[in-house]
Each structure stands twice: as C-alpha cells, then as structure tokens.
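Here's a friendly walk through one protein model, with its sheets, rings and core. Have a look at the structure first, then read on.

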Amino acid sequence: MSTPTAAKSMDEIVALCKRRGFIFPASEIYGGINGFWDYGPLGVELKNNLRDAWWHDMVRCPPAGPDGEQLEIVGLDSAIIQNPKVWEASGHVGGFNDPMVDDKETKQRFRADHLQGFFLDVTPDKPSKTAASGHTIPLCTVVASNPSEAVAILIEQPKLIKPWRIQKAVPHRKDQIRVALKDQDGTSGFGIVFAIEREFLEHAPNEIPSPFTANTGALTPPRQFNLMFETWYGAIKSDEYKTYLRPETAQGLFLNYKNILDTMRVKVPFGIAQIGKAFRNEVNPRNFIYRSREFEQMEMEWFCRPEDAPKWFEFWQQQRLSWWKSLGLSDDNLTIRQHDEDELSHYAQGGAGTVDIEYRFPFTHPGFAELEGIAHRTDFDLKAHQEHARVKLEYFDQERNKRYIPHVVEPAAGLTRGVLALICEAYTPDPDRPSKVFLRFHPRLAPIQAAVFPLVAKNDMPQQAENLYQQLRKKYATRFDIKQSIGKRYARMDESGTPFCFTIDGQTLADQTVTVRDRDDCSQQRIGIAQVAGFLADRMGG
Ligand code: GAP
C-alpha cells in the first residue's frame, strides 16, 4: 500500500490477544457465539485501566472549560433494562435500524452499506459491464465496512479476483480505491474497489454477485432490521412485558437529568456521565471486538444553554481528541470526520451535527474508522421524554430568570473499541528481540505495570525480590516471576506490555540496587531498591 506505514497484521494481533490472555471468543468450548467476547486476565485489567482513566479525567477531574472555568460532571450507573416506553420516546423503536440484505441461497445476511465491489478499470482485454441502471457491475463483492478493508480481503483471498493480484492501492474518489493489478504472466491492469451504492442494491440486486458465492440473482433488496435485543421482564412472556437491552448508555443519563438537578445542586452547564454495557444485535459483527453485539460505552451528556452548544461542541471535540492522544494513540492514526447529512443519527438531525474521532485500525488501513462520536443532540431527547412521560424537564436559569430545555453535546466513546485501538497501537513487531513483538502500552494503562524477578533462585535473591514485589503490588499491578531464564521472563513481559522489569541480582545483595529494564528500548539501568516505588510513580502519568 502506498501509505507511510504498513498495516499491522490483524491475525497476529488476535493471536497475541489469545496467547497472552487478553481476549477470548465467548463460549469458545461450544464453538463460540458470533459478536460476543470474553476479556481474560490481562484484557480486563487493560479495559478497567481505560475505564478508570476516562472516569478520572471526565468525572473526578474534568478538564478546565474554554474560559478556564472549572467544569462540573457527575457520575451515574443506570439500569440496563428500562421501561420500554423509554425506547419509543428515544426513537430507537422506530429509528434504530440498519438496512440488511439476505443471500437467498446461503441464508447469510449483511449490512447493505457494508457491500464493497471490485471492477476492472483499464485492462487490455476485459472491459467492465454496465447494468441497465447505469451502474458498473462488479466482478466480485466482499462484505467490508469500507474499501480499504475490502482491499485487505482481496489481497488475502486473491482467488476472488483471479487471475489478478493486487500490487498497490491508492485512494481514488470518495469511497473508492484504485488498485494496480498484475496476473501471473506479468500483464498489468487497474481495478477499482468501491462501496456499492444503496440505490443499486435497491433497484438491481439481481445484477450484483453475492459476496458469499459470487452468484448473481441471490441477493434481496435491503430491508430494515431493528438492532435492539428484545427481552421480557417478569414471568409472563407477552407483548405487555416486552422490553429491550439498552442499545446505548446515553438514555439512562437523560432519564436521570431531573433527579440530578433535584439532588446535586448542579447548574447548567453541567455533565452526567456513565460507563457500562450496551447491546446491539449487529447484522455483521466483525473485525474482532471492533463491532460486537455486547460492548461497553463511556458516555457523557453535557447540558448547556442552546446558544452555547456550538462552543461546547467544538470544545469537546478538541478535548476528546487530545485525551486519546494522551493515552498513546498517535497523531497520525487519529482524525476527526464530520458526518455527512445522510448518516446523521435520528437524534442529531437538524442539529449542529455529529463528528467522529476516527482511528486508523489495521483493518481499515490506510483509512480510518469510528472510535468515538461527538454529537450535538440538541434538545431532542429531553423534549421527547418530556412529551412521552408527561413530566416537565425544563431548566430554570436563575441568572437570567428564564426557563428552557438545555441542549446536549455528547461525547460517546467505545470502551471496548478503545481497548482494541490501544492494543493495535501498542502492537510493535521487533525481529531483534526474543518475543519478536512487544506491546507499547502507556504505563498508566498497562495491564501489568511492573515485574519483579530474582536473577537466579539462590542466595537471598528470591527473598529480596519477594519483599520488593510485596511492596509494589499494594499500588501497582505487579508480577513476580522466578521461573525460566531471565530472557524468557523479559519476553513474556514484552508480549504482555509490561513497561518496567526490576531484577534483583548479586549486586543487589551488596549495594541494594536493582536493574530496571525498559520495555521499549530494552535498556537497563541501576537504581536503588528504595527508589523503585518513586521511579514508577514518576512514570505513570495521568
Ligand atoms: N449515545 C450515542 C451512541 O451510542 P454511537 O456512535 O452509536 O453513539 C458510540 O456509539 C460509540 O460506541 C462508538 O463510537 C463506538 O466506539 C461504540 N460502539 C457502537 N457500536 C458498537 C459495537 N457494535 N461494538 C463496539 N463498540 C461500539
């Protein structure tokens, strides 16, 4: 690919996550369940560290406002299951749909906006065909959320575009990538990988080859599919008792807006924040944990005066972008993208808009995909709940002697998706070290922050190491490891992303110093054993 950095291998990242106990497929011994994941011992530590960093930086110690003022954000933990009327008022029962297409032959299903086509652009012998509708008929299709991901699939499965192989890919027009091709005789050609237009799928699904069999005539036109998981409360499984698992944590924040106003002495502008599980019956869960059916969100609703909303919208975009950078995501891999009018959520229509903070995941490389959305939700939700629940949700602004419904700016981040971005960013191949790879986590987030080793299991080394370990573990996630060679122990810690290893050796017994081995450059230095806790504290940041 003609981009500055090559994509990391998603297969290798997934394998490392399994091998080192970060993430396992849910129900694995029963063959798994698509779209669900379990977080292993290191995964849950990493996820909790990211969760705690967000809570600390948003609720306990939020940033100063645009004029240097102290911001007020309070926390909440609302129920996953709420009165079903909530989801009618919020628009999720009527509007939280994805268009889905079925393959009538294989009974497989995919999202209409996730179909990417490949056609030959300029080749000596095979011009592309055009449908009656005027669209170019693809030679083949793949299910992928964007053309970059489709290119990656076509590189991995060249039989789909046989006899061609992709040599190079460059961005073309919006939603298109132009690829240079070669066949086994060395003949060159060009192809285009493009997002299949919705209109094409709606009017001529029979002309489009299936992504599963390449047969034409197998696809249905797109149909709406509601993403909420249904469930029933109580003993009677009838419509009267039907409700939903929440598809976003946000509604709990709106439902408690009045409780917070009545109990917490907050004044507009203020925020309410929560972290928790959300559930969406995604049509195509994919890309490891990126799009799951059960996931976690970190959301904050910022209630402000309507006329101040544009200022806060801008403020939260910059804050959230710099927050992700502060955790080690690189500038190059982050971007902010404005939503087009046709992709705005039901609550953001007519508002000042929505932007996504996007990350360059290996499976979207060289493109980007959403990590966090920031929406100006206007007064949509409070107004809807006021109407449906028949409860006044106006705010009385004492300063201006005025009643109004506040506008809301919402930074909505994915916790589990954030974990994936952190792992992808941290994953660093290094052929020169025994592990061949290490995870360069920010020390604040690393699932193991320090490891303590006796160089060998003799003299007083194990005891001294044990003492240091007992001291550090009170404050930091620390491992003690006595087994195998020191090289193998470093390799294990490199793959786990442990930033610092402290080794007790013969010299320790003489002068009470230890070696500190730095994960990123493998350098070693000696510091006093009494300085170790301070050394770690200085490097945790946050
Ligand atoms: N309350 C607004 C809201 O829910 P969203 O853009 O649909 O907005 C916010 O979701 C964030 O939640 C996304 O940016 C993403 O990080 C995460 N997210 C959404 N759907 C997800 C899924 N199926 N799997 C993992 N994370 C998801």
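How many aromatic pairs does the structure hold? It holds 23 of them; rings of Phe, Tyr and Trp (its six-membered ring) count as a pair if their centres lie within 6.5 Å, and planes under 30 degrees apart are stacked, over 60 edge-to-face, and the rest tilted.

## Before we start

What you're looking at is a predicted model, where local features need pLDDT of at least 70 and side-chain atom pairs count only at pLDDT 80 or more, while totals for chains, interfaces and linings use all residues. Residues are numbered from 1 along each chain as its sequence is written, and side-chain values use heavy atoms, with hydrogens and water left out.

## Rings that meet

Take Phe119 and Phe194: their centres are 5.2 Å apart with 70° between the planes, an edge-to-face pair. Phe119 sits in strand S6 (residues 115-122) and Phe194 in strand S12 (residues 188-195), so this pair links distant parts of the chain, 75 residues apart. (Strands are DSSP runs of E with at least two residues, helices are runs of H or I with at least four, and both are numbered from the N terminus.) Phe119 is buried at 13% relative accessible area, and Phe194 is buried at 9%. Buried means under 20%, exposed over 50%, and partly exposed in between, using a 1.4 Å probe and protein chains only.

Tyr290 and Phe363 are edge-to-face too, because their ring centres are 5.4 Å apart and their planes lie at 70°. Tyr290 is in the loop between strand S16 (270-279) and strand S17 (294-304), and Phe363 is in the loop between strand S19 (353-359) and strand S20 (369-378), so the pair ties together parts 73 residues apart in sequence. Both Tyr290 and Phe363 are buried.

What's going on around S17? With 10 of its 11 residues buried, S17 is largely enclosed by the rest of the structure. S17 runs antiparallel to S16, joined by 10 bridges; two strands pair if DSSP finds at least two bridges between them. Phe270 has Phe303 of S17 as its bridge partner, and those two also belong to one aromatic cluster with Phe254 and Tyr257. S17 also pairs with strand S23 (residues 407-414), antiparallel over six bridges, and there Phe303 has Val408 as its partner.

Which residues touch the most other members of the largest nonpolar core? They're Trp316 and Trp324, in a core of 65 residues. Such a core is a set of buried Ala, Val, Leu, Ile, Met, Phe, Trp, Tyr and Cys residues joined through side-chain atoms within 4.5 Å. Leaving aside neighbours within four places in sequence, Trp316 is in contact (heavy atoms within 4.5 Å) with residues including Met58, Leu71, Trp302 and Pro411.

## A five-stranded sheet

Now for an open sheet with mixed pairing, in the order S27-S26-S28-S29-S30. Strand S27 (478-480) and strand S30 (524-528) are at the edges with a single partner strand each, so one side of each has no neighbour in the sheet. On average, neighbouring strands here are turned by 25° against each other, direction ignored. Axes are lines fitted to C-alpha atoms, for helices over the stretch in contact, and angles run from 0 to 180 degrees between N-to-C directions.

Strands S26 (residues 450-454) and S28 (residues 500-504) pair in the parallel sense over five bridges, and Pro454 has Ile504 as its bridge partner in S28. Helix H15 (residues 532-540) packs on the sheet, touching S26, S28, strand S29 (513-518) and S30, and its direction makes about 170° with that of S28.
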